[in-house]
Amino acid sequence: MTTDRASAAANDRPRVFSGIQPTSGSFHLGNYLGAVRQWVDMQDTHDTFYCVVDQHAITVEQDPAQLRENTRVSAAQLLGAGLDPERCTLFVQSHAPEHAQLAWVMNCITGFGEAARMTQFKDKSAKQGNDHTSVGLFTYPDLMVADILLYQADEVPVGEDQRQHLELSRTLAERFNHRYGQTFTVPTAFIPKATAKIYDLQDPGVKMSKSASSPKGIVNLLDDAKTSAKKFKSAVTDTETVIRYDEEGKPGVSNLLRIHSAMSGQTVEQLEAHFEGKMYGALKTELAELFVEWVTPFQRRTNEFLDDPAALDKVLAQGAEKARAVAGPTLAAAYERIGFLASRH
Ligand code: TYM
């Protein structure tokens, strides 16, 4: 009954969809501040669908046992961060076959050149070389478009690195609607500026990313908290001694101030005043403490979900059922508009 009422209320709210890849044993702080934190907040104001995108993960080679494990750990972290299956739909992408089905349709309305211009693809394929780059990586953005359009999402909370893919979602929704008649909601990216791009602690010129050259600059949420505290304390800053926000001149300090602000709720101006006359060490120590205070209960909750795999699988099964109840009719409508003969079996 609670679920019925919750979903009836949720239906008046704008729809949200977002996804995260299970490609590592832990999310990092960029994932959390750039995306997952917004997912948690939006449960109260939006009708929310969140997905662990295992099909995106296999665009690069994955060890099967590791992928299964990472998928569970990802779902547990999302619950540990505050997703509540009573207030959101949390599921695994491969459990809803509609995603791959609509992705094929999206592939067929995307230009080859259009896909080849996606910067994430260009960067990754340049690094890996053509012979080591899968066709799946090339069509990755179209699977993402399908994820979003299947749920008629109004808003998509993501970090800055996904902006171009969101633009493609808008383009393809409009293209499909124009060719075949109104079918899909045209989604909007939700990218809060302050946390859109969290930078590497050792190299504040690049975003924090699991593919970074050194682990020292990445804060993994499931790492031992003391290890992460050390990473904050040895973050790269600059040779000045003033704690001031200046993205261009002081990228390291500005990154730390932004992280502090996101975690403490204080504005950057308040923090500049608070740290006036203090050394960088004070900012780093306070930030490390803030992080440890947040991450300790996060890890405890995540581990509780991991300790009960049957309960976790049940949450994901129920999530998939709720997701497919929305995705199925959207796919059917798209198939019908395209001219596929209705299947009667
Ligand atoms: P993924 O798994 O790489 O990252 C998950 C989310 O974390 C954000 N993010 C960051 N935000 C701020 N600073 C950073 N350093 C940082 N690093 C990562 C990402 O922007 C993302 O929001 N393609 C997506 C997954 C996806 C998806 C979707 C997202 C698949 N289908 C549909 C939205 C809607 C990805 O690889 O995210």
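This is a predicted model: local features need pLDDT of at least 70, side-chain atom pairs count only at pLDDT 80 or more; totals for chains, interfaces and linings use all residues.
Visitor: On how wide an arc around the axis do the buried residues of helix α5 lie?

Guide: Helix α5 spans residues 98-108, and its buried residues are E98, H99, L102, A103, V105 and M106. An α-helix has 3.6 residues a turn, so residues three or four places apart point the same way.

Visitor: Which elements do the buried residues of α5 pack against?

Guide: Taken together, the buried residues of α5 pack against β1 (15-20), α3 (54-57), β3 (88-92), α8 (135-150), α9 (163-180) and α14 (309-338).

Visitor: Which exposed residues does α10 carry on the face turned away from its buried side?

Guide: In α10, which runs over residues 225-233, the buried residues are A225, S228, A229, K231 and F232. Their arc around the axis is only 155°, and they are therefore on the same side of α10. This buried side packs against α2 (29-42), α11 and α13 (280-306). The face turned away from it carries the exposed residues K226 and K230.

Visitor: Is S261 buried or exposed, and what is its relative accessible area?

Guide: S261 is placed in helix α11, residues 251-264, a helix against which the buried residues of α10 pack. Not counting residues up to four places away in sequence, S261 touches Q266, T267, V268 and L271. Since buried means under 20% relative accessible area, S261 counts as buried, its value being 17%.

Visitor: What is the value of phi of Q152?

Guide: Q152 sits in the loop between α8 and β4 (155-157), and this residue is partly exposed, with a relative accessible area of 21%. Its phi is positive in a residue other than glycine, with a value near 55°.

Visitor: What is the radius of gyration of the protein, beside the value that the globule rule gives?

Guide: The protein contains 14 helices and five strands. For 345 residues the globule rule gives 20 Å, and the radius of gyration is close to this, so the protein is as compact as a globular protein of that length, at 21 Å.

Visitor: What share of the contacts between residues at least 6 apart in sequence joins residues at least 24 apart?

Guide: Among contacts in the protein between residues at least 6 apart in sequence, the share that joins residues at least 24 apart is 77%.

Visitor: How far apart do the centres of the positive and negative side chains lie?

Guide: The accessible surface of the protein comes to about 16600 Å², with 52% belonging to carbon and sulfur atoms. The protein has 36 positive and 44 negative side chains, and the distance between the centres of the two sets is 1 Å.

Key: Residues are numbered from 1 along each chain as its sequence is written. Side-chain values use heavy atoms; hydrogens and water are left out. Helices (H or I, at least four residues) and strands (E, at least two) are DSSP runs, numbered from the N terminus. The radius of gyration is taken over C-alpha atoms; the globule rule is 2.2 Å times the number of residues to the power 0.38. Contact means heavy atoms within 4.5 Å. Accessible areas come from the Shrake-Rupley method with a 1.4 Å probe; for residues, only the protein chains shown count as cover. Lys and Arg count as positive and Asp and Glu as negative; His and the chain ends are not counted. The place of a charge is taken as NZ of Lys, CZ of Arg, CG of Asp or CD of Glu. Buried means under 20% relative accessible area, exposed over 50%, partly exposed in between (1.4 Å probe, protein chains only). The arc is that of the directions from the helix axis to the C-beta atoms.
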